[in-house]
Amino acid sequence: MTQETPLRFFPTNAARSASALPSPRGLARALAGAGIFLRRHRGAIVATQWCVVLFYSALVVIPAFLPVPPRSGAHILDNLRLFAQFVFWGLWWPGVMLATVFLGRVWCGFFCPEGYLSELASRHGRGKAAPGWLKWPVWPFIAFVITTVYGQLISVYEYAEAALLILGGSTLAAVAIGLIYGRGRRVWCRYLCPASGVFAVLAKIAPLHYKVDRVAWDRGQAPQSGEKEEAGTGKLNCPPLVDVRRMVSASDCHACARCAGQHGAVRLAGRSPFSEILDPDVPARTTDALTLLFGVLGVATAAFQWTVSPWFLQLKIGIATWLVEHDHFILLESNAPWWLLTHYPERNDVFTWLDGLLVLGYLLGGGFLLGVGLCLGPLVAAWLVRRLAPVLNWQRFALALAPLGATSVILGLTMTTVTQLRGELLPLPWVPHLRIAFLAAGCFVTLWLILALIRKHVSGALVRMVTFGVMCLPVALMATLWSLAFLAW
Ligand code: SF4
């Protein structure tokens with residue numbers, strides 16, 4: 001008897017685990033079933049959303065009315081202000097970004113209190129149609145830049161008053177928009193939410209999405225068992241106003257599952273994280289490209305790094321010295337209110353007018369310059385292949401940097417997490433290694449996607465090589481900036 005005989009009857013552990021893995025078809029069925037399950041259990045999702053609304057409201061409002069904790073002696077677990085600060089900025093924001101990268105915009109669809117309250121308000125509001133000016137696709141980018149810069153000016157990551165002003169103000173605006181526009185829709189989320197542009201970019205590389213079979217949709221199949229259309233209306237209600245039949249991108253979809261199984265044509269499905277950017281039939285929108293280059297990678301990176309940047313410090317010292325030498329003291333005063341510039345004398349944390357102007361200039365000017373530098377790669381790459389592959393416009397090359405954008409924003413947001421944990425005197429010796437490994441992985445995945453894009457659409461070894469080389473530049477620029485921040489500054 002050969003040694004193979006018993007293997008046929010008694011599989012090895014490896015063979016056993018391989019057979020226990022679901023087949024691709026089984027996995028696809030399970031995912032589609034999960035989508036239908038979520039659609040059928042809308043009540044549980046609404047209950048979850050109410051829980052999030054209550055938790056979020058308590059954490060935004062209550063800490064703002066408590067005393068500012070001293071610099072030492074207060075801890076995350078015994079001070080509500082520090083606890084709320086840690087939950088919002090240390091866990092919540094990085095978690096939301098990670099979830100968007102891996103699952104699509106599930107935060108928007110299942111948990112976001114702002115979106116849910118806006119939708120609720122719009123069910124009882126005036127129900128007006130969104131006017132043309134409100135649909136201007138650049139609003140989310142502008143709102144993102146304003147929120148990011150203003151947040152840094154009033155130190156939103158550190159102080160509960162600032163968080164209440166920005167998060168509470170944003171929620172009130174979302175409800176107000178809901179009361180005026182849309183009928184049970186999320187006009188705020190679709191056209192105005194400051195985070196929606198960032199989510200739209202990150203969701204492009206999510207391996208989960210709602211896939212629409214347009215042929216099946218057009219066949220107009222009757223809804224199948226358990227796949228009922230919106231009760232009472234006979235129509236599908238997509239809250240962020242997506243044209244579901246024509247949906248080819250996960251950017252605007254809130255992954256709310258309300259269309260799962262619609263006409264037997266929509267299902268939750270897995271995909272390659274690269275598929276949306278590689279597919280020429282999925283439009284590469286200019287607003288998404290600009291948001292990625294100038295917002296996520298530009299202004300946001302400047303916002304994450306200005307506190308550790310020696311360039312910022314040298315600029316500040318240079319200007320302050322010049323002002324003192326020339327007897328100009330107005331800009332060195334620190335009498336701005338806390339809602340305009342950080343002002344917490346009890347913690348010895350006050351911004352002078354000069355600080356405010358420099359932060360404004362560094363974030364807007366530095367972010368813009370960085371965006372321009374990053375833009376050069378996609379512009380030159382698109383020019384190089386303009387005849388060979390007209391489908392590869394600069395916007396598509398720019399969107400190939402989406403994994404780098406996700407890496408950068410997660411690295412930046414977790415800087416706050418690390419600072420807060422270090423404030424608790426937790427030893428975190430592994431953090432620098434993890435950061436560099438994460439940065440390297442983000443750069444590697446981005447380069448892989450760029451290579452796949454070029455290989456798919458461009459023929460000719462030399463053009464491929466030169467185009468790839470050009471597209472390596474924005475990746476190298478971001479890798480250098482983050483390495484400086486983590487290793488040198
Ligand atoms: S397309 Fe609309 S209804 Fe369907 S999952 Fe996305 S947000 Fe929900």
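A salt bridge is a side-chain nitrogen of Lys or Arg within 4 Å of a carboxyl oxygen of Asp or Glu. The model is predicted: local features need pLDDT of at least 70, side-chain atom pairs count only at pLDDT 80 or more, and totals for chains, interfaces and linings use all residues. Side-chain values use heavy atoms, without hydrogens and water, and residues are numbered from 1 along each chain as its sequence is written.

**Exercise 1.** Determine how many salt bridges there are, and state which parts R258 and E119 tie together.

*Solution.* The rule gives 13 salt bridges. One pairs R258 with E119, with 2.9 Å between the closest N and O atoms. R258 lies in the loop between α12 (214-218) and β2 (266-270), and E119 in helix α7 (residues 113-124), so the pair ties together parts 139 residues apart in sequence. Helices (H or I, at least four residues) and strands (E, at least two) are DSSP runs, numbered from the N terminus.

**Exercise 2.** Describe how α14 passes α16, and classify the residues of their contact.

*Solution.* The axes, lines fitted to C-alpha atoms over the stretch in contact, have angles from 0 to 180 degrees between N-to-C directions. For α14 (residues 286-305) and α16 (residues 353-384), the axes come within 8 Å and cross at roughly 135 degrees. The contact (heavy atoms within 4.5 Å) includes L293 and F294 of α14 and Y362 and L363 of α16. Its residues divide into 13 nonpolar, four polar and no charged. Here Ala, Val, Leu, Ile, Met, Phe, Trp, Tyr, Cys and Pro count as nonpolar, Asp, Glu, Lys and Arg as charged, and the others, Gly among them, as polar. The crossing of α14 with α16 is right-handed, that is, the near helix is turned clockwise from the far one by less than a right angle.
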